[in-house]
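Student: Could you take me through a structure that is new to me?
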Amino acid sequence: MDFSKAAKLGTFLSKDYAENLFRLLLTYTSISASEAASRLNLHVKTVQDFMEAMCELEIFSKEEVFEKKRPYYRYTLMTRHIKFDLDLGLLFDNMQPQGKLSERIREHPDAGARFSVSRDGKYISNVYIWIGKGRERTERKINLSMPQGKFLFFLPFPSAKSETIADIMKKAGVEQTHLSEIIDIITVLAEFNVIERS
């Protein structure tokens with residue numbers, strides 16, 4: 001199950017009416033959204049959204065039925081067991097941090113950010129970024145992990161030549177086991193134009 005499907009399933013399973021809807025689907029061979037809504041005293045759109053989500057997740061199936069009135073759907077439970085198997089490793093694998101080591105970076109010339117140095121002057125503890133313009137500007141504070149703080153302490157200034165991530169990590173004494181969190185903070189700061197990538 002991918003993350004988006006797991007999130008959808010989690011969202012609908014957390015509804016206070018979910019258990020009762022599943023119980024109805026176990027009790028009835030098939031049921032329409034309006035019948036289920038009437039039975040549980042819920043709004044029909046609420047039930048329909050739930051039913052459709054379960055169909056997308058292949059937990060329910062639906063069949064279009066034609067009667068005197070306009071056609072409608074009847075829903076049937078496809079399985080009595082819902083297996084929630086989410087491989088979080090896929091999120092990490094998609095980042096491919098090893099391929100980023102040769103990327104060259106430096107502080108953006110128009111960063112508009114403030115780097116707060118630790119008391120001992122050996123690493124950056126926080127980055128403060130101004131977001132918006134004029135009176136609407138707000139300040140965002142980003143707390144850094146120790147490896148991130150050490151890495152950013154050696155981030156080349158805007159006037160200096162850009163350096164590879166690998167070289168900066170070496171200068172900072174940051175082990176490659178922390179590469180994924182280094183890539184994460186670079187990505188965030190690049191989105192705010194604090195870091196320039198090349």
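Predicted model: local features only at pLDDT ≥ 70, side-chain atom pairs only at ≥ 80, totals over all residues.

Student: Which residues touch the most other members of the largest nonpolar core?
Tutor: Ile 105, Phe 151, Leu 152, Ile 165, Met 169 and Leu 189 do, in a core of 24 residues. Such a core joins buried Ala, Val, Leu, Ile, Met, Phe, Trp, Tyr and Cys residues through side-chain atoms within 4.5 Å. Buried means under 20% relative accessible area, exposed over 50%, and partly exposed in between (1.4 Å probe, protein chains only).

Student: Where does the largest share of this core come from?
Tutor: H8 supplies that share, 6 residues. Helices (H or I, at least four residues) and strands (E, at least two) are DSSP runs, numbered from the N terminus.

Student: What is Phe 151 in contact with?
Tutor: Leaving aside neighbours within four places in sequence, the contacts of Phe 151 include Ile 105, Ile 165, Met 169 and Ile 186. Contact means heavy atoms within 4.5 Å. A second, separate core of 23 residues includes Leu 25 and Phe 50.

Student: New topic: is Val 117 buried or partly exposed?
Tutor: Val 117, found in strand E5 (residues 113-117), is partly exposed because its relative accessible area is 43%.

Student: And Asn 126, buried or exposed?
Tutor: Asn 126 lies in strand E6 and is buried, at a relative accessible area of 12%.

Notes. Residues numbered from 1 in each chain as written. Heavy atoms only, no water.
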